[in-house]
Amino acid sequence: MSQTLRIATRKSALALWQAEHVAALLRQAHPGLVVELVPMSTRGDEILDRSLATVGGKGLFLKELEVAMLEHRADLAVHSLKDVPAVLEPGFTLSAILPRADAADAFVSNVAEKLSDLPNGARVGTSSLRRQSQLRAVRPDLQLLDLRGNVNSRVAKLDDGHYDAIILACAGLERLGMAGRIRSRLSFPEWLPAPGQAAIAIEIREDDMHVHNLTSALDDEETRIAVTAERAMNEQLGGNCSVPVAAWCVVAERGLTLHGLVGDVQSGRILRATADSATDDPVALGQEVARMLREAGADELLAPHAGHQA
């Protein structure tokens, strides 16, 4: 069997960092293994003039990489897990989920230290409906503006004066050596991240046991348990990445605690639910929190986004 692995990856600086990180870990786990990157552009990278919610969701970042695996131009793909739809395309599986980094969102600004310091009516950039709904809940006065592109281009737009602040993932900034741009962290319990945020996932063809055996060595059990609960909740609430849904699962000795949130971008209305479970059934825990959110009225808030499946 071939001892060369080809990693399909997007071309952004963050995606390349993540793919190189996985390549280095694979070489370390399997001495003598040759790992190559296959950078490619995806529709999600190319469509920058519209929000993801209107053009099909974050699944647009996966399609070309999956085609490359089907055509045997690549053996695996590396993703930010928060960009991976709750239900994968048939024939694919996540063979490894790496240890999670800082899952908080970052408040990045040149005019304020934290969100509450922004002046009335300040312009805040983010295209994430999850972030927009939580911003609307705490600061209904803000102007919420779309912000697309890679991390570097988003920060450049802030520095050019198009926004007073932008919201990014702490993990992405830290991985790119830009942790100094984080003015403050938006984190649990007041603020919840996207399901799977800050975790890196390896996607492979489901029937490729050779690649599965090589890549599964990188799987982190605690992270997988946590994100499985978060993604199960997301799946029950529609299963796409273009809805205002947030989740955060805490793994402790006594078991799991999952915190779920559904928001409304227009009104700032926020629904929350929390449940506990043993660590051996994270899917059931995710489904239970989704049920609780539905009982609280989540379907009404999610209905406007039902057509934007990722």
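Mentor: Start with Ala-8, which stands opposite Ala-77 in β3. Keep in mind that this is a predicted model.

Trainee: What makes β1 and β3 a pair?

Mentor: A pair needs at least two bridges. Strand β1 (residues 4-10) and β3 have two, in the parallel sense. They therefore count as paired.

Trainee: How many bridges join β3 to strand β10?

Mentor: Five bridges join β3 to β10 (residues 200-205), and the two run antiparallel. At least two are needed, so this is a pair as well.

Trainee: Why is β3 called largely enclosed?

Mentor: Buried means under 20% relative accessible area. Five of the five residues of β3 (residues 76-80) are buried, so the rest of the structure largely encloses the strand.

Trainee: Which way do the residues of β3 point?

Mentor: Leu-76, Val-78 and Ser-80 point one way, Ala-77 and His-79 the other way, and all are buried. In a regular strand, side chains alternate between the two faces of the sheet.

Trainee: Next, the sheet β11-β12-β13. What makes β11 and β13 its edges?

Mentor: The three strands form an open sheet in that order, with antiparallel pairing. β11 (245-252) and β13 (270-277) each have a single partner strand, so one side of each is left without a neighbour in the sheet. Neighbouring strands here are turned by 10° against each other on average, direction ignored.

Trainee: How many bridges link β11 and strand β12?

Mentor: Eight bridges, in the antiparallel sense, link β11 to β12 (residues 255-263). At least two are required, so β11 and β12 are a pair. Val-251 stands opposite Leu-256 in β12.

Trainee: What packs on this sheet?

Mentor: Helix α9 does, touching β11 and β12. The direction of α9 makes about 150° with that of β11.

Trainee: Which element gives the most to the lining of the second largest pocket?

Mentor: α9 again, with seven residues. β4 (92-97), α9 (221-236) and α10 (282-295) each supply at least two. The pocket holds about 200 Å³ of space.

Trainee: How do you know which residues line the second largest pocket?

Mentor: A lining residue has an atom within 4 Å of a pocket point. Among those listed are Leu-94, Arg-224, Glu-235 and Gln-287.

Trainee: What is the make-up of that lining by class?

Mentor: Six residues are nonpolar, three polar and three charged. Leu counts as nonpolar and Arg as charged.

Terms used: Residues numbered from 1 in each chain as written. Predicted model: local features only at pLDDT ≥ 70, side-chain atom pairs only at ≥ 80, totals over all residues. Heavy atoms only, no water. Buried < 20%, exposed > 50% of the residue type's maximum accessible area, 1.4 Å probe, protein only. Helix = DSSP H or I, 4+ residues; strand = E, 2+ residues; numbered from the N terminus. 1 Å grid on protein atoms, 1.4 Å probe; cavity = no way out; pocket = protein on both sides within 12 Å on 5 of 7 lines; lining within 4 Å. Points joined across faces, edges and corners; volume = space filled by probe spheres on them. Axes fitted to C-alpha atoms, helices over the stretch in contact; angles between N-to-C directions. Contact = heavy atoms within 4.5 Å.
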